[in-house]
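Trainee: Could you take me through one part of this structure closely? I would like to see what surrounds a single side chain.

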Amino acid sequence: MMKFRFRRQGQDPQREKLKLDLFAFNKTVEHGFPNQPSSLAYDPKLRIMAVGTKSGAVKIYGAPGVEFTGLHKETAAVTQMHFLPGQGRLLSLLDDNTLHLWEIDQKDGYSHLEETRSFILPGRPGFDSTNSPPSITRVTVILLKSACDVACLGTEGGGVYFLELSGLTLLEDKTLYQEEIMQSVPDDYRCGKALGPVESLQEHPQDSSKILIGYSRGLMIVWDQSTRNVHHLFLGNQQLESLGWERSGRTVVSSHSDGGYMVWSINSSCYKTLQPLMSTIPYGPFPCKAINKILWRTCESGNHFIIFSGGMPRASYGDRHCVSILQGQSLVTLDFTSRVIDFFTVHHTEPQEEFDNPSALVVLVEEELVVLDLQTPGWPTVPAPYLAPLHSSAITCAYHISNVPLKLWERIISAGEQQGPLHPSVNWPISGGKNLAQEPTQRGLLLTGHEDGTVRFWDASGVSLRPLYKLGTANIFQTDCEHDSLNQASEEEWPPFRKVGCFDPYSDDPRLGIQKIALCKYTARMVVAGTAGQVLVMELSDEKSNHMINVATVDLLQDREGFTWKGHDRLTPKNGSLTFSPGFQPSVLVQCMPPAAVTAVTLHSEWNLVAFGTSHGFGLFDYYRRDPVLARCTLHPNDSLAMEGPLSRVKSLKKSLRQSFRRIRKSRVSGKKRVVANSSSSKVQEANAQLAEQAGPTDVEMTPVQRRIEPRSADDSLSGVVRCLYFADTFLRDAAHHGPTMWAGTNSGSVFAYALEVPSQEKFSERSVEAVLGKEIQLMHRAPVVSIAVLDGRGNPLPEPYEVSRDLAKAPDMQGTHSVLIASEEQFKVFTLPKVSAKTKFKLTAHEGCRVRKVALVSFTSLACEDYTENGLACLTNLGDIHIFTVPSLRPQVHYDCIRKEDISGIASCVFTKHGQGFYLISPSEFERFSLSARNITEPLCSLELVRHHGTTCLGRDFTGTPKLTQANGTPVLQDSEANGSPSDGTRTPEEPPAPTDSPNSPESPLDTTGDITVEEVRDFLASSEEAERNLRNVSEEEAHSPGILIK
């Protein structure tokens, strides 16, 4: 076997400069709800809110579009956060007992969040650190004094420490130990017992020199800092959980571990208080859980608010997550579906105000944020403009639509408004900061499919991901989810529960899960496909409707013998007419048999066709005439695993063992063929390699030696899975006539191309669509086909249906030769049409050692010249990196590290947009948004107007305003100059639009210089046998004469 190595030419400086204007990688914003929140803070002066997470992330939110994200270097959980009101500073406490000071500062007209200081509380002096418990100085509670100069730290050892904030330095002379307090406690109360950890620290609302300190044992004191004396004692005996002042400073409310709370009065004539004014267990008399936090808010009307979390009857409702609101005789128990983290009220905090007059209650629970309007009767919830729980039911798929027409946008919003108000009747209370980002130039829709059979529509045009509309499909089928009436609370129910929030992790039937979505933005027609083989064709209607759904069944096995479906049953549709709200309404239900999960779907609204595929085959359906057009089984005779279904627990152990031994045997055989390291031939090869390296000039690269790729077995399990489907108007029969075609790619590397006979629009009702198999292509290594796309004579992707007829896109070039780009898991290959002869290819697995997971054709616009655009192929691999190639010549341009290779769910969830952006899940509840385009970037650009006192200027003097380098789940982000393959030098200068370097007529560069001649097996069913032989001969000759090909 002979191998010829060809050298690549050096890099073109003009092309490198153009790359800088086209490509740039940035992780820009995290959409959704923070994963595993652990703390909450609110700044009433700036009206901003902070959420801390268990992974060490700090996220600050203000008005829609105002967002800041920071990440502690330590990965410990953020247990507490406190704003320095009005200053744009935040003090955070981590689970490792370290304190961190964050600062929002201005840089280049925009605000940025940076960590400026950190501090850890030292051990208590005089104690042996080796013998004393390390928790003695563990911080349990933090109080920021109203002057924002000192922080008070309560600890587990019962001591209170004072920290000067400007430099995070400990004021040791002010430290308050338990021993000093015990001297003021009566002897009969001491009983030789310690007071326990400090549970609460609260500053006196009218006298900042006094601090209310609560200890776990139940003792509460008012400590006068100025005189270092105990001003007042409250001798409580019940274990303390939380404390709160009444605004006047004359009353204290305390909550306890027995589910009760007490109201204490401060009597100026008496030094100590033995009994509270009032003691009650709201949900007694049976044992109750602890009330973890309590707030007292005064109202001008006289009916004050008492708001607390917990306190539920232990036996009956001990598993409920509740926040109770008590005002006068009104009591509401807010019932959440996840654990309550923290809550606060938005109220008057100015000293001159006599009453709190709370306007809103903000509750952070583990899976969502809920805001209630306390000024409106009934205390309704306020829709949030951001922080929506994307995972209210688990996300199963995602789909993005760019450049949504205004008419469709308004109709979707109108349908959403009728489901519930998208815009609150009151102003959003967390409204601080100013959004400086430009208005989005185009409207973007992100659709998410969910486990409970719903599809949610999100406004993805800007920084805030805003919910627009929710589509449900469960009501079409007979399931066990008709129990809503049971959840409604009766008037006599006690406690008076009220369900709030939309997080509902439980699915009534896993078969309802949405697997694939397709939407035509010009005709407002959508296809939704699910786990049990259901394919729903839907139309957008502005009116309520009552109609029957047409049901059609398509058998994809085609009476194949020897196969028995062992998976779940199909979903049974409801009989008779059904009522549908305004929005997307189903017209046709196509049921695949066997009812396996749908793995691919595509829609062509101009031809009234929908194509769908499962692990058994693919089908084509004419939804205008309600007729099946085609059904093709793709199962291999040995493919028994495909018959078990995703919900079946029966796995073929014998088959998996057989495959494992086969792989071991292959690796042993290939290992025997390796050259022994000490042999003379290997030494000669090493010497030749060294000479080759020395002989070449510095500006010429040697192409890397490729990895050897083992072809896959034809009887691998799930080889019949249909991975992609595609419609195109192109040349399949001959080079003179073009027409509608449908393409299907499978897991075994097979591509089926069908020529379609589609009647004209006037004859849709008279004639049915016909499909004839035109070509069948079998890729050499049987790698799964990930994507198929047809390119026109200029090498551009074909426009979407209706785009040309509505003057929204250029007509494709039908004069030049069309080509088809087939992306498998191992390589990209371009074939000419209709001959299906190989034109160019790039073997990604051989070159880079990775496999293709997601592929998209993307349009990149130059940053320097708005009129210059290039089409590129964006590819995400199983290692989490993104590669960009030119189209159709498949020249590698840049590649970036995007997702951690261990984050399998993140890689699987990635969605590319048509203009160089993308989304992927960094947690079950969050999408990370990234940009590959230098021009098209969606990122938060905002500012905060800060009020800082003299002597409190910028703490971090070395602040440089660096962008976010790490996201909340710890994925590193490389700067452009550091990213692999990205240009690191050159300057951006505006210039004339450069000539395209990727014209289909330009000579191909020898990219694949060491590639095998892999002649795919192409079967042409439309040509005669003599013509087919001639085509195959042409393929062999073309590949043998193409430059840069390895010849064996």
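Mentor: Let's start at Phe-457, which touches Ile-412, Leu-445, Leu-446, Leu-447, Arg-466, Pro-467, Leu-468, Tyr-469, Leu-471, Met-526 and Phe-584, leaving aside residues up to four places away in sequence. A contact here means heavy atoms within 4.5 Å. This is a predicted model, where local features need pLDDT of at least 70 and side-chain atom pairs count only at pLDDT 80 or more, while totals for chains, interfaces and linings use all residues. Residues are numbered from 1 along each chain as its sequence is written, and side-chain values use heavy atoms, with hydrogens and water left out.

Phe-457 is also one of the residues with the most contacts inside the largest nonpolar core, which has 34 residues. Such a core is a set of buried Ala, Val, Leu, Ile, Met, Phe, Trp, Tyr and Cys residues joined through side-chain atoms within 4.5 Å; buried means under 20% relative accessible area, with a 1.4 Å probe and protein chains only. Helix α5 (residues 406–419) gives this core its largest share, four residues; helices are DSSP runs of H or I, at least four residues, numbered from the N terminus. Apart from this core lies another, of 24 residues, including Tyr-868 and Cys-910.

Now step back to the protein chain: 53% of its 1048 residues are buried. Its pLDDT, the predictor's confidence in each residue from 0 to 100, averages 84, and 80% of the residues score at least 70. Over residues 483–490, though, the pLDDT is below 50. Where pLDDT is low, the predicted coordinates should not be read in detail.

Technical notes. Buried means under 20% relative accessible area, exposed over 50%, partly exposed in between (1.4 Å probe, protein chains only). Helices (H or I, at least four residues) and strands (E, at least two) are DSSP runs, numbered from the N terminus.
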